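Hi everyone, thanks for coming. Let me put the model up on the screen, and then we can walk through a few spots together.

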Amino acid sequence: MTVRADSVTEAPVNFYRPDYHIQTPDMRSPEYVQLSTAAAITLGLVPGSMHRTACTHCLNLLVTYPEGCRANCSYCGLARHREESRDYADRNFIRVDWPTVGYEDVIARVRNGDDRGQFERMCISMITHPNSDHDTFVLLRKWVDQVAHIPVSILSNPTTLNRDDILRLRDEGADIFTVAVDAVTPEIFERTRGKTVDSPHTWKKYWQAIEWAAEIFGPEKFGAHLICGMGETEREMLDIAQRIRDLGGHNHMFAFFPEQGSMMEDWNPVSRDQWRRVQLARFIIDYAGGRIDEMRFDDAGRVVDFGLDRSELESLIASGKPFQTSGCPGKSDEEVSACNRPYGDSSPADILSFPFVLNASDVGFVRRQMAGEDVGTLDHEDLD
Ligand code: SF4
């Protein structure tokens, strides 16, 4: 593996700003990683509890560098433009804080059983940085050598990866490869992740990575992250979900949440009815054997018929599964994500991706949202 800093420096980004004062200069991968607050709580690294869920089943790790991600995606809390305002290690990402810890310490704690057997998957999230490819391999190799019983997913950075890298990730033990496409049309992608915002990503390279992943990792072993509510129609979102499914992959949905400090912090979150319909239709495409060409849409691209008979649709909704967080699977149920990302796209008072099994009251709440009712918050208004 060579670190192709050249392939990144060609992009229109500055790697280092001499005037930017970094407060945590020594905390960098591969010696250090950031982990999600939920993973840190599950591992007993930080005190705390999560609303209606005791733990996460995925140890989400993020490579970390004091100079941060060199891309500038407009919806992201880690984007480069924030370097003026906050030290990188302090920035929020998908709503939550990501504490920085030594990687050896994380491995030792998992080997020691500090997660009480809860972790069913580990995920390494790459960022756009000249060392990110190299360090991802180092982290993967160490994990496979020392914690063989927990499979690894890679949340990739296609901008710096080539086909041989993806092949090597598989050969070195990665189980699932995912691509955060996030924006689901070429226009929205360019506006939020491309040259328009001085960011290096291209739609073409992201789709090339997906095709390589489909070929190299194979069916059920790759996926795409998609963000709902950045200006696309429901039909456009589901077209992409179907495309991923037809290639053999699965779709990991995120509701757009205006991340504090991002360039889109003033945008509205996705409307609840749109989000619920997209969640349901995505589940039908991914797991219930349905297809977008069996669904019907209105002139605004909203789903008006999910293409299932009434009783089938009712039982699917009543199961609550379509409204749980979608992501890479754990050990028990391939339709339910080990990666439940508690409150990564909403507050506990108004849950968009449920990190736990829904009860009848939750399903009723979701049904009313899908029907376009203003139902307020789920229960405790003081939750955040
Ligand atoms: S590449 Fe990923 S981490 Fe970096 S700004 Fe874009 S979305 Fe955020």
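The shell around the ligand has, by class, seven nonpolar residues, one polar and none charged. Here Ala, Val, Leu, Ile, Met, Phe, Trp, Tyr, Cys and Pro count as nonpolar, Asp, Glu, Lys and Arg as charged, and the others, Gly among them, as polar. Which residues surround the ligand? They are Cys69, Ala71, Cys73, Cys76, Leu78, Ala79, Ile127 and Thr128, where a residue is near a molecule if its C-beta atom, placed from the backbone, lies within 6 Å of it.

A quick word on what you are looking at. This is a predicted model, in which local features need pLDDT of at least 70 and side-chain atom pairs count only at pLDDT 80 or more, while totals for chains, interfaces and linings use all residues. Residues are numbered from 1 along each chain as its sequence is written.

Now for the helices, which are DSSP runs (H or I, at least four residues; strands are E, at least two), numbered from the N terminus. Helix H3, residues 103–111, packs on helix H4, residues 132–146, at an angle of about 25°, with the axes 11 Å apart. Axes are lines fitted to C-alpha atoms over the stretch in contact, and angles run from 0 to 180 degrees between N-to-C directions. H3 and H4 are therefore roughly parallel to each other; that term covers angles under 35 degrees, with over 145 roughly antiparallel, 65 to 115 roughly perpendicular and the rest oblique. Tyr103, Ile107 and Arg111 of H3 make the contact with Leu139, Lys142, Trp143 and Gln146 of H4. By class, that is four nonpolar, one polar and two charged residues.

Next, H5 (163–171) and H7 (203–216): they pack at about 40°, axes 10 Å apart, which makes H5 oblique to H7. On the H5 side we have Arg163, Ile166, Leu167 and Arg170, meeting Trp212, Ala213 and Ile216 in H7; in contact means C-beta atoms, placed from the backbone, within 7 Å. This contact divides into five nonpolar, no polar and two charged residues.

Last stop: Leu161, in the loop between strand S5 (152–156) and H5. Is Leu161 buried or exposed? Leu161 counts as buried because it has 26 C-beta neighbours inside 10 Å; the cut-offs are 20 or more for buried, 12 or fewer for exposed, and partly exposed in between, with C-beta atoms placed from the backbone. Leaving aside neighbours within four places in sequence, Leu161 is in contact with Asp133, Ser156, Ile166 and Ala209.

Technical notes:
Contact = placed C-beta atoms within 7 Å.
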